[in-house]
Amino acid sequence: TNVLIVFTAFTGIAQNNDSTLDQLQASEWEMEGSTRPAHSIKYDDGHATHYRDGIKIGTDQYYLSDAIDEEFDSRKLGQVKEGKYIISRGITGFKDGVEKEVNPSGNFSVYEIKQVNKNWLMIRPSKRERILKFQAKS
């Protein structure tokens with residue numbers, strides 16, 4: 001019995017060692033409390049795809065950072081596995097049913113990661129108090 005308990009404890013620890021990037025990319029995240037249409041985000045290698053009721057509505061480039069960057073640094077895309085912030089900028093959006101490039105000015109957004117695990121993603125947009133809460137879609 002003692003061996004089983006020790007093994008179970010080590011198994012639990014190993015499962016919690018996923019990087020922030022691994023945890024972001026492990027699920028599609030649906031915004032909690034969003035009324036219809038539902039908003040969700042799927043993170044993959046350097047891109048975050050936004051959906052509304054399962055239909056793609058836009059794509060961002062993103063990377064993780066331990067600090068708020070002064071400008072968007074595309075050299076960091078997919079390079080950093082840990083970070084306190086998601087730095088993102090829109091690259092495509094849909095208008096009249098057609099996907100188009102957006103953001104010619106290079107504006108970007110910063111989201112502080114408050115929590116990320118296999119069930120929840122909580123982020124706070126910079127310059128805002130409200131925390132956005134997402135649940136992993138099953």
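## Close-up views of a predicted model

**View 1. The largest nonpolar core and its most connected members.** In the largest nonpolar core, which holds 17 residues, L24, Y43, I86, L121 and F134 touch the most other members; a nonpolar core is here a set of buried Ala, Val, Leu, Ile, Met, Phe, Trp, Tyr and Cys residues joined through side-chain atoms within 4.5 Å. Two or more residues of this core are given by each of α2 (20-25), β1 (28-31), β2, β4, β7, β8 and β9, with β9 supplying the largest share, 3 residues. A second, separate core of 5 residues includes F72, Y85, I87 and V110. In soluble globular proteins, nonpolar side chains tend to be buried together. The model is predicted, so that local features need pLDDT of at least 70 and side-chain atom pairs count only at pLDDT 80 or more, while totals for chains, interfaces and linings use all residues. Residues are numbered from 1 along each chain as its sequence is written, and side-chain values use heavy atoms, with hydrogens and water left out.

**View 2. The surroundings of I86.** When its neighbours within four places in sequence are left aside, I86 is in contact (heavy atoms within 4.5 Å) with L24, Y43, Y62, Y63, L64, S109, V110, Y111, I113 and I123. Among these partners, L24 and Y43 are listed with I86 as residues that touch the most other members of the largest nonpolar core, whereas V110 is included in the second, separate core.

**View 3. The whole fold, for orientation.** The protein has 2 helices and 9 strands, where helices (H or I, at least four residues) and strands (E, at least two) are DSSP runs numbered from the N terminus, and their pattern along the sequence is α-α-β-β-β-β-β-β-β-β-β. Of the 138 residues, 33% are buried, the classes being buried for under 20% relative accessible area, exposed for over 50% and partly exposed in between, with a 1.4 Å probe and protein chains only. The accessible surface comes to about 9,000 Å², and carbon and sulfur atoms account for 49% of this surface; accessible areas come from the Shrake-Rupley method with a 1.4 Å probe, and for residues only the protein chains shown count as cover. Among contacts with a separation of 6 or more, 38% join residues 24 or more positions apart.

**View 4. The largest pocket and its lining.** The largest pocket has a volume of about 290 Å³, and of the 19 residues that line this pocket, I41, H50, D60, S88 and Y111 lie nearest its centre. On a 1 Å grid over the protein atoms alone, a pocket is an open set of points with protein on both sides within 12 Å along at least five of seven lines, a cavity is a set of points where a 1.4 Å probe fits but cannot get out, and lining residues have an atom within 4 Å of a point. Grid points are joined across faces, edges and corners, and a volume is the space filled by probe spheres set on the points. At least two lining residues come from each of β2 (39-43), β3 (47-52), β4 (55-65), β5 (85-95), β7 (109-116) and β9 (132-136), and the largest share, 4 residues, comes from β5. The lining divides into 11 nonpolar, 6 polar and 2 charged residues, with Ala, Val, Leu, Ile, Met, Phe, Trp, Tyr, Cys and Pro counted as nonpolar, Asp, Glu, Lys and Arg as charged, and the others, Gly among them, as polar.

**View 5. H50 in strand β3.** H50 lies in strand β3 and counts as buried because its relative accessibility is 16%. Not counting residues up to four places away in sequence, H50 touches H39, S40, I41, I55, K56, I57, G58 and D60, and of these I41 and D60 are listed together with H50 among the residues nearest the centre of the largest pocket.

**View 6. The largest cavity.** A search of the whole structure finds 1 cavity of 30 Å³ or more, and the largest cavity has a volume of about 30 Å³. Its lining is formed by L21, G46, Y62, Y63, L64, G78 and V80, to which β4 gives the most, with 3 residues. These lining residues divide into 5 nonpolar, 2 polar and no charged.

View 7. D53, in the loop between β3 and β4, has a positive phi of about 50 degrees although it is not a glycine, and D53 is partly exposed because its relative accessible area is 42%. K127, in the loop between β8 (120-125) and β9, also is a residue other than glycine with a positive phi, near 70 degrees, and K127 is exposed, with a relative accessible area of 84%. G97 lies in the loop between β5 and β6 (98-101) and counts as exposed at 67% relative accessibility.
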